[in-house]
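Here is a short briefing to read with the model open beside you. Take the topics one at a time and find each residue as you go.

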Amino acid sequence: MTKNKTFIVAKNEFLKRVKTRWFVFTTLLGPIVLIGFFAVIGFVSASSIENNESTVLVLDETGRLFSQFDGVDEDITFLHAEGPEDRLRQRVLDGEADGYLVLPENIVTGDVEARYYTMGGGIGEFASDLRFYLRSAVRTARLEDQDVASEVYDIINARVGLESIRLSQEGEEQGSSAAYAVVGGIMGFLIYLTMLIYGSVVMQGVIQEKMNRVVEVIISSVRPFQLLMGKVLGIGAMGLVQMSFWAVLMAGGTMLAGTVVGLTMDTASLELPAEATQAEILDAAGVNLPDFGVEVFVFFVVYFLLGYLLYATLFAGIGSAVEQQQDAQSLMLPVMMPIIMSIVFLTAVIEAPNSGLSIALSLIPFTAPIPMVVRIAMVDVPLWQISASLALLIGTFFGAVWVSSRIYRIGILSYGKKPSLKEIIKWMKYA
Amino acid sequence: MPILKVQGISKQYEKVLAVNNISFEAQPGRILGLLGPNGAGKTTTIRMVTYITIPDSGQILFGDDRVGPASQERMGYLPEERGLYKKMKVGEQLMYFAELKGLHKSVAKERIRYWLDRMGALDWVSKATNELSKGMQQKIQFIATILHDPELLILDEPFGGLDPINADLLQDVILELKDEGRTILFASHRMEQVEQLCDDICLVSKGEIVVNGALSDIKKQHGKNVVMIDFEGNDGFLDRLEQSGSVRVNARSLRHAEIRLLNGTPSKTVLSAALEDVSDITRFELVEPPMREIFVTAVTEQQGQQALAAEEV
């Protein structure tokens, strides 16, 4: 009978919400917003690439290297310049160019270095591009001096691509690890979003029930624990329906997703040659994208559910203690910290999925869902780590249920002054 | 045979002893008035009876068993602070409450129709709650309380917010349920209603019972010590009587007064004092004290004693 009541509450919570305009609206618009969100990131990063467009004055003392630079890069305009360095310096200071490159006379034959002067201090991708062009120009000149056959140039200058292949117990898998990183990252981010959104729906539901004063009637029919669990499960079921709908949509739109993913990627995490063009990035991601084992998605759902259950339960406890959404903010902070932390460390986990930090984060139950999903998508996580993290997460969930239901029982009937954290801890001790 | 037996229950919150060793019983086919000033421990007591909270000590028996999840399905509770889900439709809402009480869907459907019809609310079945007036919501809440045909009904200020016509309708239903053998716990501050409805009284103050028993017995115990007088003319005699300390004037209006005789003062004292001033007396009656008078006397006495006891400590 008791199990039944939890089910009745869950069913009501589920149906009540699924029938609302809000549900239909978010279900339909969710993917659009999400794609739009990723597209904005893509657009921003794309435009930041455009912003990398720069002009470099080249003082070519050798008189023969400039032709190697002319038109070699879409984004960098190399201009042939003459004359004393002071004048070049002035032109750069006037903002006419981003910097000037001095190629000393004996750079081809001797041991001197080229110098690049810039106001910005050429770092990162641009510097590595510049170095690459310089090196290939000098190399070409040197080969010419040695009178080497043109076939040899071609051999030497031929682009050597690097394909990264993911190693796993089942054997090699096609596709660059970058693609796995991106999908892992998106999955982690989705868990983050949904955990927060559905968690706060649960909290709002609890607060509303308390504000409407319906709660006293309800708990004269069911145990507070059943009400709490029914709410969490019902809203979780709603979330699952919503996510499944999105999954179907996404599966249908994989092609589009691949493009969007490509746009959002950071070239550094791709482990592609630094000078790879946008098209090459897209290529690397788009083509190899759908090559995932089913277990990755199964774990995604499992970790989403467990993460949601853990946090929704805690949020429900918090909601029961307050009367208004605003009052909940300060109490939510300690609960939110681990979630925020797992997002803050998301890039660190993507960069080194097997580092000590990544393993620790994916084992600590409060942070586990996001990093673990990222790791499972990227590397072969040892079984013991998955089982340990699942066991800890499930154990913590039951702990959270215990704590929350004790707070809830007292909280839903307490009106008036907003309780402090200390008072809430006291509630847990009541019989 | 009493169906509800409350035996020596206590409940402490923080430093406040909300309920201190309370015992009472409720009989089928009778209405027990649970009375007391604000903060006396009524709600805490009701919450323990409905198994929302659990007493620190003592026990509550419903039928032969202690209260618990099973007894919850046999009780209907209408709390003073009550509400409905704002956006849910009346019909869906009632169905949810009925299901939570363990009622089968098909039975619930029939009962919802019956009661909505009976309360003149059948047209609202597919309206959302926030479209209803306060009085309408009140009726829906009452229906939710009795849908599962509970053996024990706990009604906390059930008439609040109802117009006289709907209040009469509700009163008829309550009396009908009583006649069918339901046990009813009625909490209210409206003493006229208590007097009209209740068979038994349990008066609580500061977590303790101060008066408990059949309403008629309690009244008899107090004896006829209240004079009701209707008169024409000067009412100066009321002030003189009160100053002498032999009576207390409870209610006083232009042509009417309710006078409590103190320390065995005979009613004749009032009559002779009145004759000195008034031009005519249209009514002079010695009656049992009204519930209101019993309430005030009992509570002030107990709180006075407690204050004295506190001073001695």
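A crossing of two helices is called right-handed if the near helix is turned clockwise from the far one by less than a right angle, and left-handed if anticlockwise. Keep that in mind for the helix pairs below. The model is predicted. In it, 17 residues of chain A are in contact with 19 residues of chain B.

**Helices H3 and H4 of chain B**

- H3(B) passes H4(B) in a right-handed crossing.
- Helix H3 covers residues 90–100 of chain B, and helix H4 covers residues 105–118.
- Two packed helices are described by the angle between their axes and the distance between the axes.
- For this pair the angle is about 130 degrees, and the axes are 10 Å apart.
- An angle over 145 degrees would count as roughly antiparallel, and one of 65 to 115 as roughly perpendicular. H3(B) and H4(B) are therefore oblique to each other.
- H3(B) brings Gly91(B), Leu94(B), Met95(B), Ala98(B) and Glu99(B) to the contact. H4(B) brings Lys105(B), Ala108(B) and Ile112(B).
- By class, the contact of H3(B) with H4(B) has 5 nonpolar, 1 polar and 2 charged residues.

**Helix H17 of chain A and its two partners**

- Start with helix H16 (residues 356–363) and helix H17 (residues 369–378) of chain A. Their axes come within 7 Å and cross at roughly 125 degrees.
- H16(A) and H17(A) are therefore oblique to each other. Their crossing is left-handed.
- On the H16(A) side, the residues that meet H17(A) are Ser358(A), Leu361(A) and Ser362(A). On the H17(A) side they are Pro371(A), Met372(A) and Arg375(A).
- This contact of H16(A) with H17(A) has 3 nonpolar, 2 polar and 1 charged residues.
- Now turn to helix H13 (residues 294–321) of chain A. The axes of H13(A) and H17(A) come within 9 Å and cross at roughly 180 degrees.
- That angle makes H13(A) roughly antiparallel to H17(A).
- H13(A) uses Val296(A), Phe299(A), Phe300(A), Tyr303(A), Phe304(A), Leu306(A) and Gly307(A). They meet Pro369(A), Met372(A), Val373(A), Ile376(A) and Ala377(A) in H17(A).
- How many charged residues does the contact of H13(A) with H17(A) have? It has none, beside 11 nonpolar and 1 polar.
- Met372(A) meets H16(A), and Met372(A) also meets H13(A).

**Where the chains touch**

- By class, the side of chain A that touches chain B has 7 nonpolar, 5 polar and 5 charged residues.

**Chain B as a whole**

- Chain B has 11 helices and 14 strands.
- Its C-alpha atoms fill a box of roughly 70 × 50 × 35 Å along the principal axes.
- The domain assignment gives chain B a domain 1 (4–216) and a domain 2 (224–287). The C-alpha centres of these two domains lie 40 Å apart.
- Of the 313 residues of chain B, 39% count as buried.
- Take the contacts in chain B between residues at least 6 apart in sequence. Of these, 70% join residues at least 24 apart.

**A buried residue: Thr45(B)**

- Thr45(B) is found in helix H1 (residues 42–49) of chain B.
- Is Thr45(B) buried or exposed? A residue counts as buried if 20 or more other C-beta atoms lie within 10 Å of its own. Thr45(B) has 28 within that distance, so it is buried.
- Beyond its neighbours within four places in sequence, Thr45(B) is in contact with Val19(B), Ile22(B) and Val204(B).
- Leu34(B) is 11 residues from Thr45(B) along the chain, and their C-alpha atoms are separated by 9.6 Å.

**Two positive phi values**

- Most residues other than glycine have a negative phi.
- Asp149(B) has a positive phi near 50 degrees. Asp149(B) sits in the loop between helix H5 (134–146) and strand E7 (152–156) of chain B.
- Asp149(B) counts as partly exposed, with 15 C-beta neighbours inside 10 Å.
- Glu157(B) also has a positive phi, of about 50 degrees, and is not a glycine. Glu157(B) lies in the loop between E7 and helix H6 (164–179) of chain B.
- With 17 C-beta neighbours inside 10 Å, Glu157(B) counts as partly exposed.

Methods:
Residues are numbered from 1 along each chain as its sequence is written. Chains are lettered from A and ligands numbered from 1 in the order in which they are written. This is a predicted model: local features need pLDDT of at least 70, side-chain atom pairs count only at pLDDT 80 or more; totals for chains, interfaces and linings use all residues. Two residues are in contact if their C-beta atoms, placed from the backbone, lie within 7 Å. Ala, Val, Leu, Ile, Met, Phe, Trp, Tyr, Cys and Pro count as nonpolar, Asp, Glu, Lys and Arg as charged, and the others, Gly among them, as polar. Domain bounds come from an automatic or database domain assignment. Axes are lines fitted to C-alpha atoms, for helices over the stretch in contact, and angles run from 0 to 180 degrees between N-to-C directions. Helices (H or I, at least four residues) and strands (E, at least two) are DSSP runs, numbered from the N terminus. Angles under 35 degrees count as roughly parallel, over 145 as roughly antiparallel, 65 to 115 as roughly perpendicular and the rest as oblique. A residue is buried if 20 or more other C-beta atoms lie within 10 Å of its own, exposed if 12 or fewer, and partly exposed in between; C-beta atoms are placed from the backbone.
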